[in-house]
Amino acid sequence: MRRLPPLGAIEAFVQVARLGSVKAAANELALSAPALSRRVQNLERFIGRSLFDRRHQTIVINADGERLLAQIAPVLDQLSDAVEAMTSGTEVLRLRLGVLPLFASQRLFPRLGELRAAHPELHLDIDTAGHGIARLGEGLDAVIALAREIDPLLYGHRLDRNSIYVIGARRLTEGPDPVVRPQQLATLTALVHRDMADTFTAWRQAAGLGDMEPLAIDHFDSGPLMLEAAAQGLGVAFMHESHFADAADPRLVRLFDIDVESPYSYWFVCRPRALRQKPVRLFHDWLIGALQEGAGV
(Lines give C-alpha, C1' and ligand atoms only; values in the text may rest on other atoms or scores of the structure.)
Protein backbone atom coordinates (compact mmCIF):
# COMPACT_ATOMS: atom_id res chain seq x y z
CA MET A 1 0.00 0.00 0.00
CA ARG A 2 1.27 3.47 -0.87
CA ARG A 3 2.43 5.41 2.16
CA LEU A 4 0.08 8.23 3.23
CA PRO A 5 0.94 11.49 4.98
CA PRO A 6 0.03 11.80 8.69
CA LEU A 7 -3.68 12.35 9.29
CA GLY A 8 -2.87 15.30 11.52
CA ALA A 9 -1.11 17.04 8.64
CA ILE A 10 -4.09 16.48 6.34
CA GLU A 11 -6.50 17.77 8.98
CA ALA A 12 -4.37 20.86 9.56
CA PHE A 13 -4.25 21.63 5.84
CA VAL A 14 -8.02 21.27 5.43
CA GLN A 15 -8.80 23.53 8.37
CA VAL A 16 -6.42 26.29 7.24
CA ALA A 17 -7.79 26.06 3.69
CA ARG A 18 -11.40 26.27 4.86
CA LEU A 19 -10.96 28.98 7.47
CA GLY A 20 -8.34 31.01 5.61
CA SER A 21 -6.42 31.61 8.82
CA VAL A 22 -3.73 29.71 10.70
CA LYS A 23 -4.91 31.22 13.97
CA ALA A 24 -8.56 30.22 13.44
CA ALA A 25 -7.58 26.72 12.34
CA ALA A 26 -5.25 26.34 15.33
CA ASN A 27 -8.06 27.35 17.70
CA GLU A 28 -10.44 24.84 16.12
CA LEU A 29 -7.89 22.02 16.41
CA ALA A 30 -6.69 23.08 19.88
CA LEU A 31 -3.11 23.55 18.66
CA SER A 32 -0.65 26.41 18.83
CA ALA A 33 -0.22 28.34 15.59
CA PRO A 34 3.43 27.23 15.19
CA ALA A 35 2.48 23.57 15.70
CA LEU A 36 -0.26 23.80 13.11
CA SER A 37 2.06 25.55 10.64
CA ARG A 38 4.59 22.73 11.04
CA ARG A 39 1.92 20.15 10.21
CA VAL A 40 0.99 22.01 7.03
CA GLN A 41 4.65 22.31 6.06
CA ASN A 42 5.12 18.57 6.67
CA LEU A 43 2.31 17.85 4.20
CA GLU A 44 3.84 20.19 1.64
CA ARG A 45 7.20 18.44 1.96
CA PHE A 46 5.50 15.04 1.67
CA ILE A 47 3.82 15.89 -1.65
CA GLY A 48 6.62 18.11 -2.88
CA ARG A 49 4.45 21.15 -3.57
CA SER A 50 3.52 24.39 -1.89
CA LEU A 51 -0.20 24.52 -1.12
CA PHE A 52 -0.46 28.15 0.03
CA ASP A 53 0.85 31.55 -1.03
CA ARG A 54 2.34 33.08 2.08
CA ARG A 55 2.24 36.84 2.33
CA HIS A 56 2.84 39.28 5.14
CA GLN A 57 0.74 37.95 8.05
CA THR A 58 -1.63 36.19 5.63
CA ILE A 59 -1.88 32.76 4.01
CA VAL A 60 -3.89 32.16 0.84
CA ILE A 61 -4.55 28.77 -0.72
CA ASN A 62 -3.11 28.40 -4.23
CA ALA A 63 -4.24 26.36 -7.24
CA ASP A 64 -2.48 23.18 -6.07
CA GLY A 65 -4.02 23.59 -2.66
CA GLU A 66 -7.48 24.06 -4.15
CA ARG A 67 -7.15 20.85 -6.17
CA LEU A 68 -6.00 18.87 -3.16
CA LEU A 69 -8.73 20.33 -0.94
CA ALA A 70 -11.45 19.38 -3.42
CA GLN A 71 -10.27 15.76 -3.40
CA ILE A 72 -9.48 15.10 0.25
CA ALA A 73 -11.88 17.34 2.21
CA PRO A 74 -14.99 15.20 1.47
CA VAL A 75 -13.08 12.06 2.43
CA LEU A 76 -11.94 13.62 5.69
CA ASP A 77 -15.52 14.69 6.49
CA GLN A 78 -16.79 11.16 5.82
CA LEU A 79 -14.10 9.75 8.08
CA SER A 80 -15.06 12.19 10.83
CA ASP A 81 -18.75 11.30 10.51
CA ALA A 82 -17.96 7.58 10.61
CA VAL A 83 -15.87 7.92 13.76
CA GLU A 84 -18.52 10.09 15.42
CA ALA A 85 -21.24 7.56 14.61
CA MET A 86 -19.18 4.73 16.10
CA THR A 87 -18.24 6.57 19.28
CA SER A 88 -21.36 8.55 20.09
CA GLY A 89 -23.27 5.56 21.45
CA THR A 90 -26.55 7.21 20.52
CA GLU A 91 -28.64 7.96 17.47
CA VAL A 92 -29.39 11.53 18.62
CA LEU A 93 -28.24 14.20 16.16
CA ARG A 94 -27.91 17.75 17.44
CA LEU A 95 -27.98 21.00 15.47
CA ARG A 96 -26.93 24.32 16.99
CA LEU A 97 -29.20 26.80 15.17
CA GLY A 98 -29.11 30.58 15.32
CA VAL A 99 -32.49 32.09 14.46
CA LEU A 100 -34.29 35.39 14.91
CA PRO A 101 -37.14 35.22 17.47
CA LEU A 102 -39.84 36.34 15.03
CA PHE A 103 -38.95 33.74 12.40
CA ALA A 104 -38.77 31.11 15.13
CA SER A 105 -42.20 31.92 16.56
CA GLN A 106 -44.02 32.58 13.29
CA ARG A 107 -42.54 30.13 10.80
CA LEU A 108 -40.30 27.57 12.51
CA PHE A 109 -41.95 26.46 15.74
CA PRO A 110 -45.41 25.90 14.22
CA ARG A 111 -43.81 23.19 12.02
CA LEU A 112 -41.30 21.63 14.38
CA GLY A 113 -43.73 18.79 15.02
CA GLU A 114 -43.40 17.88 11.35
CA LEU A 115 -39.60 17.94 11.66
CA ARG A 116 -39.70 15.68 14.71
CA ALA A 117 -42.02 13.26 12.92
CA ALA A 118 -39.76 13.15 9.86
CA HIS A 119 -36.47 13.01 11.79
CA PRO A 120 -37.04 11.95 15.42
CA GLU A 121 -33.29 11.62 15.91
CA LEU A 122 -32.68 15.32 15.14
CA HIS A 123 -32.72 17.80 18.04
CA LEU A 124 -32.22 21.57 17.88
CA ASP A 125 -30.34 23.83 20.25
CA ILE A 126 -31.94 27.23 19.60
CA ASP A 127 -29.90 30.43 19.91
CA THR A 128 -31.68 33.80 19.41
CA ALA A 129 -28.72 36.03 20.24
CA GLY A 130 -27.56 38.44 17.57
CA HIS A 131 -24.66 38.31 15.11
CA GLY A 132 -25.37 34.68 14.23
CA ILE A 133 -23.45 34.62 10.95
CA ALA A 134 -20.31 35.85 12.69
CA ARG A 135 -20.60 32.95 15.16
CA LEU A 136 -20.80 30.15 12.59
CA GLY A 137 -18.35 27.46 13.59
CA GLU A 138 -17.96 29.06 17.01
CA GLY A 139 -21.05 27.85 18.81
CA LEU A 140 -23.43 27.66 15.84
CA ASP A 141 -23.71 25.11 13.02
CA ALA A 142 -26.22 27.08 10.93
CA VAL A 143 -28.16 30.34 11.03
CA ILE A 144 -31.46 31.66 9.70
CA ALA A 145 -30.65 35.31 9.11
CA LEU A 146 -32.17 38.45 7.63
CA ALA A 147 -29.79 39.97 5.11
CA ARG A 148 -29.47 41.66 1.74
CA GLU A 149 -26.95 39.07 0.53
CA ILE A 150 -24.59 36.46 1.92
CA ASP A 151 -20.80 36.42 1.82
CA PRO A 152 -19.85 34.21 -1.16
CA LEU A 153 -17.39 32.35 1.08
CA LEU A 154 -20.40 31.00 2.99
CA TYR A 155 -23.26 28.79 1.80
CA GLY A 156 -26.50 30.74 1.62
CA HIS A 157 -29.95 29.66 0.44
CA ARG A 158 -32.58 32.38 0.09
CA LEU A 159 -35.76 31.31 1.89
CA ASP A 160 -38.16 34.02 0.71
CA ARG A 161 -38.74 37.32 -1.02
CA ASN A 162 -40.95 39.89 0.61
CA SER A 163 -42.63 43.28 0.42
CA ILE A 164 -42.23 46.06 2.96
CA TYR A 165 -45.42 46.82 4.89
CA VAL A 166 -46.11 49.83 7.06
CA ILE A 167 -47.85 48.29 10.07
CA GLY A 168 -49.73 50.32 12.64
CA ALA A 169 -52.41 50.15 15.31
CA ARG A 170 -55.93 49.77 13.94
CA ARG A 171 -57.05 52.84 15.82
CA LEU A 172 -54.77 54.98 13.63
CA THR A 173 -57.23 54.45 10.79
CA GLU A 174 -60.24 55.35 12.93
CA GLY A 175 -61.46 58.50 14.62
CA PRO A 176 -61.68 62.07 13.38
CA ASP A 177 -58.16 62.24 11.89
CA PRO A 178 -57.36 58.80 10.44
CA VAL A 179 -53.93 58.06 8.96
CA VAL A 180 -54.69 57.52 5.29
CA ARG A 181 -51.94 59.48 3.49
CA PRO A 182 -48.23 58.59 3.48
CA GLN A 183 -47.40 62.25 4.18
CA GLN A 184 -48.89 61.78 7.65
CA LEU A 185 -45.85 59.67 8.57
CA ALA A 186 -44.19 63.00 9.38
CA THR A 187 -46.27 63.05 12.57
CA LEU A 188 -45.49 59.44 13.56
CA THR A 189 -42.52 57.47 14.92
CA ALA A 190 -41.03 54.86 12.59
CA LEU A 191 -40.09 51.52 14.17
CA VAL A 192 -37.16 49.82 12.42
CA HIS A 193 -35.38 46.52 13.11
CA ARG A 194 -31.60 46.73 13.40
CA ASP A 195 -31.23 43.81 10.96
CA MET A 196 -33.43 45.67 8.44
CA ALA A 197 -32.02 49.15 8.90
CA ASP A 198 -32.84 50.37 5.37
CA THR A 199 -36.51 49.39 5.26
CA PHE A 200 -37.81 52.89 5.95
CA THR A 201 -35.47 54.51 3.40
CA ALA A 202 -36.29 51.89 0.74
CA TRP A 203 -40.03 52.28 1.31
CA ARG A 204 -39.87 56.09 1.30
CA GLN A 205 -37.93 56.18 -1.97
CA ALA A 206 -40.17 53.64 -3.70
CA ALA A 207 -43.25 55.50 -2.50
CA GLY A 208 -41.92 58.73 -4.04
CA LEU A 209 -41.80 60.63 -0.78
CA GLY A 210 -38.42 62.27 -1.35
CA ASP A 211 -36.68 63.29 1.86
CA MET A 212 -39.73 63.20 4.11
CA GLU A 213 -38.72 62.34 7.67
CA PRO A 214 -40.86 60.71 10.36
CA LEU A 215 -41.26 62.31 13.77
CA ALA A 216 -38.48 59.96 14.98
CA ILE A 217 -36.94 56.57 14.19
CA ASP A 218 -36.78 54.00 17.02
CA HIS A 219 -34.64 50.90 16.52
CA PHE A 220 -35.42 47.41 17.82
CA ASP A 221 -33.56 44.11 17.90
CA SER A 222 -36.77 42.10 18.44
CA GLY A 223 -39.48 41.61 15.84
CA PRO A 224 -42.14 40.53 18.36
CA LEU A 225 -41.53 43.66 20.42
CA MET A 226 -41.77 45.81 17.30
CA LEU A 227 -45.19 44.37 16.50
CA GLU A 228 -46.32 44.88 20.09
CA ALA A 229 -45.06 48.47 20.08
CA ALA A 230 -47.00 49.12 16.88
CA ALA A 231 -50.13 47.53 18.36
CA GLN A 232 -49.79 49.78 21.41
CA GLY A 233 -49.65 52.85 19.18
CA LEU A 234 -46.02 53.69 19.93
CA GLY A 235 -45.18 54.04 16.24
CA VAL A 236 -45.56 52.37 12.86
CA ALA A 237 -43.38 49.36 12.04
CA PHE A 238 -41.57 48.95 8.72
CA MET A 239 -41.56 45.17 8.42
CA HIS A 240 -42.32 42.39 5.95
CA GLU A 241 -45.63 41.26 4.54
CA SER A 242 -45.04 37.82 6.06
CA HIS A 243 -44.49 39.35 9.51
CA PHE A 244 -47.88 41.05 9.29
CA ALA A 245 -49.72 38.05 7.84
CA ASP A 246 -48.23 35.52 10.26
CA ALA A 247 -48.91 37.74 13.27
CA ALA A 248 -52.68 37.68 12.54
CA ASP A 249 -53.11 40.33 15.23
CA PRO A 250 -56.52 42.06 14.99
CA ARG A 251 -55.02 45.14 16.68
CA LEU A 252 -52.78 45.73 13.64
CA VAL A 253 -53.49 46.99 10.12
CA ARG A 254 -51.44 47.64 7.02
CA LEU A 255 -51.21 51.34 6.31
CA PHE A 256 -51.13 52.58 2.70
CA ASP A 257 -51.66 50.27 -0.26
CA ILE A 258 -48.19 50.80 -1.72
CA ASP A 259 -46.22 47.79 -2.95
CA VAL A 260 -42.50 48.04 -2.20
CA GLU A 261 -40.10 45.11 -2.64
CA SER A 262 -37.87 44.59 0.37
CA PRO A 263 -34.09 44.52 -0.09
CA TYR A 264 -33.94 41.94 2.72
CA SER A 265 -34.67 38.22 2.72
CA TYR A 266 -34.45 35.36 5.16
CA TRP A 267 -31.49 33.09 4.38
CA PHE A 268 -30.31 29.72 5.58
CA VAL A 269 -26.57 30.17 6.13
CA CYS A 270 -23.74 27.86 7.11
CA ARG A 271 -20.13 27.19 6.26
CA PRO A 272 -19.87 25.12 3.08
CA ARG A 273 -18.29 22.19 4.88
CA ALA A 274 -21.14 22.15 7.43
CA LEU A 275 -23.53 20.84 4.77
CA ARG A 276 -21.62 17.57 4.91
CA GLN A 277 -22.66 17.14 8.54
CA LYS A 278 -25.79 15.05 8.81
CA PRO A 279 -27.73 17.30 11.27
CA VAL A 280 -27.16 20.37 9.09
CA ARG A 281 -28.03 18.53 5.89
CA LEU A 282 -31.24 17.03 7.33
CA PHE A 283 -32.49 20.34 8.69
CA HIS A 284 -31.53 22.26 5.53
CA ASP A 285 -33.43 19.88 3.26
CA TRP A 286 -36.46 19.73 5.55
CA LEU A 287 -36.65 23.51 6.02
CA ILE A 288 -36.52 24.31 2.31
CA GLY A 289 -39.14 21.68 1.55
CA ALA A 290 -41.42 22.85 4.35
CA LEU A 291 -41.27 26.51 3.30
CA GLN A 292 -41.89 25.63 -0.36
CA GLU A 293 -44.87 23.53 0.65
CA GLY A 294 -46.21 26.35 2.84
CA ALA A 295 -45.86 28.80 -0.04
CA GLY A 296 -47.64 26.43 -2.41
CA VAL A 297 -44.54 26.00 -4.59
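1. Ground rules. This is a predicted model, so local features need pLDDT of at least 70 and side-chain atom pairs count only at pLDDT 80 or more, while totals for chains, interfaces and linings use all residues. Residues are numbered from 1 along each chain as its sequence is written, and side-chain values use heavy atoms, with hydrogens and water left out.

2. Salt bridges overall. The term here stands for a side-chain nitrogen of Lys or Arg within 4 Å of a carboxyl oxygen of Asp or Glu. With that rule, the model has 14 salt bridges.

3. R94 and D125. Their side chains form a salt bridge, with 2.9 Å from N to O. R94 sits in strand β3 (residues 93-99) and D125 in strand β4 (residues 122-127), so this pair ties together parts that are 31 residues apart in sequence. (Strands, E, at least two residues, and helices, H or I, at least four, are DSSP runs numbered from the N terminus.) R94 is partly exposed at 43% relative accessibility, and D125 is partly exposed too, at 30%. For these labels, buried means under 20% relative accessible area, exposed means over 50%, and partly exposed is in between, using a 1.4 Å probe and protein chains only.

4. R111 and E114. Here the salt bridge has an N to O distance of 3.1 Å. R111 is buried, at 16% relative accessible area, whereas E114 is partly exposed at 38%.

5. D249 and R251. The closest N and O atoms of this salt bridge are 2.8 Å apart.

6. A network. Take a look at R49, D64 and R67 as well: salt bridges link them in a network.

7. Helices α5 and α8. How do the axes of α5 and α8 cross? The axes of α5 (residues 101-108) and α8 (residues 223-231) come within 6 Å and cross at roughly 85 degrees. Axes are lines fitted to C-alpha atoms, for helices over the stretch in contact, and angles run from 0 to 180 degrees between N-to-C directions. The two helices are therefore roughly perpendicular, a label that covers 65 to 115 degrees (under 35 is roughly parallel, over 145 roughly antiparallel, and the rest oblique).

8. Who touches whom. P101, L102 and Q106 of α5 meet G223, P224 and L227 of α8, where contact means heavy atoms within 4.5 Å.
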